[in-house]
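Colleague: I would like to learn how to read a model like this. Can we go through it feature by feature?

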Amino acid sequence: MATPEILLTEDQRLEFTQISSNINEWEIAKYYTFSEQDKEIINRHRRDYNRLGFAVQLGVLRNPGWTLNNVNHIP
């Protein structure tokens with residue numbers, strides 16, 4: 001049986017699945033600022049106690065593009 005080729009190091013793999021600890025203001029504004037439509041969806045479909053969690057999940061889906069189950073650390 002052939003040994004699988006390793007394409008990414010562990011650090012490189014984590015870079016694709018985690019939010020960078022040294023994220024800059026431009027990246028925060030680009031990926032984690034919600035449009036009016038986003039805010040309407042958050043407010044219309046979620047109860048008061050769950051809106052923040054829904055908003056965090058929406059932001060994490062946009063960048064790095066994973067669900068909260070796959071992101072271990074949010075800076």
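Predicted model: local features only at pLDDT ≥ 70, side-chain atom pairs only at ≥ 80, totals over all residues.

Modeller: The mean pLDDT is 82, and 87% of the residues reach at least 70.

Colleague: Which elements have the lowest and the highest mean pLDDT?

Modeller: Helix H1 (residues 10-17) is lowest, at 77, and helix H3 (residues 36-45) is highest, at 90.

Colleague: How many salt bridges does the structure hold?

Modeller: Opposite charges on side chains can pair when the charged atoms come close. Here there are three salt bridges. Asp38 and Arg62 form one of them, at 2.8 Å from N to O. That pair joins distant parts of the chain: Asp38 sits in helix H3 and Arg62 in helix H4, 24 residues apart.

Colleague: Is Asp38 buried or exposed?

Modeller: Asp38 counts as buried because its relative accessibility is 11%, under the 20% cut-off. Arg62, at 37%, is partly exposed.

Colleague: What about Glu36 and Lys39?

Modeller: Their side chains meet at 3.1 Å, N to O. The two are three residues apart in helix H3, so about one helical turn separates them. Glu36 is exposed at 54%.

Colleague: Which residues make the nonpolar surface patch?

Modeller: Leu7, Leu8, Phe16 and Trp66 make a patch of about 420 Å². Trp66 lies in the segment after helix H4 (51-62). Its relative accessible area is 33%, so Trp66 is partly exposed.

Technical notes: Residues numbered from 1 in each chain as written. Heavy atoms only, no water. Patch = residues over 30% accessible without salt bridge, like charges linked within 9 Å, V, L, I, M, F, W, Y side chains within 5 Å. Areas by Shrake-Rupley, 256 points an atom, 1.4 Å probe, with all protein chains shown as cover. Salt bridge = Lys/Arg side-chain N within 4 Å of Asp/Glu carboxyl O. Helix = DSSP H or I, 4+ residues; strand = E, 2+ residues; numbered from the N terminus. Buried < 20%, exposed > 50% of the residue type's maximum accessible area, 1.4 Å probe, protein only. pLDDT = per-residue confidence, 0-100.
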